[in-house]
Amino acid sequence: MHIRDIFAQDRTTLSFEFFPPKSEADSNILFENITQLEELQPSFVSVTYGAGGSTRQLTHDLVARINQTTQLAAVPHLTCVCHQTAEVDEILANYAKIGVSNILALGGDPPRNLTNYQREDDSFQHAGDLVRFIRQFNATGRHPDPRGFGIGVAGFPEGHPGTPNRLLEIDRLKAKADEGADYIVTQLFFDNRDFYDFRERCELAGIRIPIIAGIMPVSTASGLKRMAELALGARFPAPLLRLIQRCETDPEAVKRVGIHWATEQCRDLLDHDVAGIHFYTLNKSDATRQIYQSLGLRDSLAVRRR
Ligand SMILES: Cc1cc2nc3c(=O)[nH]c(=O)nc-3n(C[C@H](O)[C@H](O)[C@H](O)COP(=O)(O)OP(=O)(O)OC[C@H]3O[C@@H](n4cnc5c(N)ncnc54)[C@H](O)[C@@H]3O)c2cc1C
C-alpha cells in the first residue's frame with residue numbers, strides 16, 4: 001500500500017522510525033521493542049539508511065525482517081550520497097522483489113569516515129534527482145504494484161543549513177513534490193510554531209502533499225547534544241533547556257521532562273489537524289508508549305480513524 005493510500009483511509013497517520021542495529025544482540029532488543037510498538041498499530045514504520053559501507057545492507061535486511069515477521073509496513077530510507085545509478089537501480093529492484101511499497105528519498109549526509117569522498121561524483125546530487133529516478137524505475141514495470149513505489153521526501157521546518165535562503169529552500173521542496181513525492185516527513189523540532197509556519201509556507205508555495213511532523217523526545221542530557229549535531233539548525237527553546245538544566249544530574253527526571261515536552265507537542269499538533277506524527281524512536285519503545293498513554297491513546301486507531 002502506498003503512503004498516499006494510507007492517507008486516503010487514515011485521518012491522521014502515526015508512524016515510527018528505527019535504525020538498523022549493528023549486532024545480533026541489539027537486533028533482538030529492537031525486535032522486542034518492535035513487538036511492543038506493533039500493538040500501537042502505527043500507520044507505517046521507517047528504517048534509516050547509513051552513509052556508505054556495510055550498514056546499507058542492514059537497512060534492506062531490517063526492512064525484509066519487519067515485512068516477514070510483523071504486520072507492519074516498513075518504508076526504507078534511501079540516500080543519494082555515495083551512489084551510482086546502477087547501484088540504486090539494483091537496490092530498488094531488490095526492494096520491489098520483496099514487496100516494499102514506499103521509499104523515503106533523501107539527499108543523505110556526506111559520510112564522515114570516507115576520506116577523498118567527492119559529492120560531485122555521485123549520480124544524484126539532490127533528493128529531487130532520486131525522486132525522478134524512482135519515478136523512472138516505476139515506469140519500467142519491474143514492481144509488482146503497477147504504480148511502482150510510493151515516494152516520501154524530507155522537509156525542514158526551521159530550514160536546512162545547506163540553503164540559508166528560505167524562499168529558495170521552499171521552491172526546492174516544491175520541486176521535489178512536483179517530481180512526484182507523495183508526502184513530506186519533517187526534521188525534528190521542539191516548537192510547534194516552527195512547524196505551523198512551515199506548513200503555511202508550503203501551502204503558500206502550492207505544496208499540496210501531506211506533511212508529517214517529526215517528533216523526538218529528549219531522553220538524556222547527552223542525547224540533547226547529539227540531537228543538536230544530527231539536526232543541524234534545529235532550535236532548542238529556552239523553556240525546554242531551562243527544564244533540562246534544572247534536573248540534568250537526574251537521568252530519570254530528564255527523561256520525564258523530554259517525554260512531557262514531546263507529549264504536549266503531540267497534543268497540540270493533533271489539535272491543529274496535523275496530517276501525521278512520525279516518532280524518532282531511537283529503537284526504544286518506552287518513550288513512545290508513555291506519550292500514547294498520556295494522550296489517552298490505547299493505540300493509533302483513535303486518531304487514524306476518520
Ligand atoms: C525525515 C528525515 C529522515 C532522514 N533520514 C536519513 C537517513 O536515513 N540517512 C541519512 O543519511 N540522512 C537522513 N536524513 C538527513 C538528510 O539526508 C540530510 O539532512 C540531508 O542533508 C538533506 O536531505 P534532503 O533529502 O532534504 O536533501 P535535498 O533535498 O537534496 O536537500 C539538501 C540541500 O540541497 C538543497 N537543494 C535541493 N535541491 C537542490 C537543487 N536542485 N539545486 C541546488 N540545491 C538543492 C536543499 O535546499 C538543501 O539545502 C533524514 C532527514 C529527515 C528530515
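This is a predicted model: local features need pLDDT of at least 70, side-chain atom pairs count only at pLDDT 80 or more; totals for chains, interfaces and linings use all residues.
**The barrel**

Let's begin with the overall layout. Eight strands form a closed barrel, running β1-β2-β3-β4-β5-β6-β7-β8 with parallel pairing. On average, neighbouring strands of this sheet are turned by 30° against each other, direction ignored. As a bit of background, strands of a sheet pair through backbone hydrogen bonds, either parallel or antiparallel.

One is strand β8 (residues 276-280), which it pairs with in the parallel sense over five bridges; here L14 stands opposite I277. Another is strand β2 (residues 44-47), joined to β1 in the parallel sense over four bridges, with F18 standing opposite V47. Going from β1 through helix α2 (residues 24-38) to β2, you trace a right-handed β-α-β unit.

Further along, strand β3 (residues 74-79) pairs with strand β4 (residues 102-106), again in the parallel sense, over three bridges. Within that pairing, H77 has L104 of β4 as its bridge partner.

**Around the ligand**

H77 turns up again at the ligand. There, 22 residues surround the ligand, and the closest are T48, H77, G107, G162 and T163. The elements giving two or more residues to this shell are β3, α5 (127-139), α6 (166-179) and β6 (183-188). Of these, α6 supplies the largest share, three residues. By type, the shell divides into six nonpolar, twelve polar and four charged residues.

Most residues other than glycine have a negative phi. Here are two that go the other way:

| Residue | Phi | Loop |
|---|---|---|
| D273 | about 55° | between α10 (251-271) and β8 |

How exposed are C82 and D273? C82 is partly exposed because 19 other C-beta atoms lie within 10 Å, and a residue counts as buried if that number is 20 or more. D273 has 9 other C-beta atoms within 10 Å, so it is exposed; the cut-off for that class is 12 or fewer.

Methods: Residues are numbered from 1 along each chain as its sequence is written. Two strands pair if DSSP finds at least two bridges between them. Axes are lines fitted to C-alpha atoms, for helices over the stretch in contact, and angles run from 0 to 180 degrees between N-to-C directions. A residue is near a molecule or strand if its C-beta atom, placed from the backbone, lies within 6 Å of it. Ala, Val, Leu, Ile, Met, Phe, Trp, Tyr, Cys and Pro count as nonpolar, Asp, Glu, Lys and Arg as charged, and the others, Gly among them, as polar. A crossover is right-handed if, with the strands pointing away from the viewer, the path from the first strand over the helix to the second runs clockwise.
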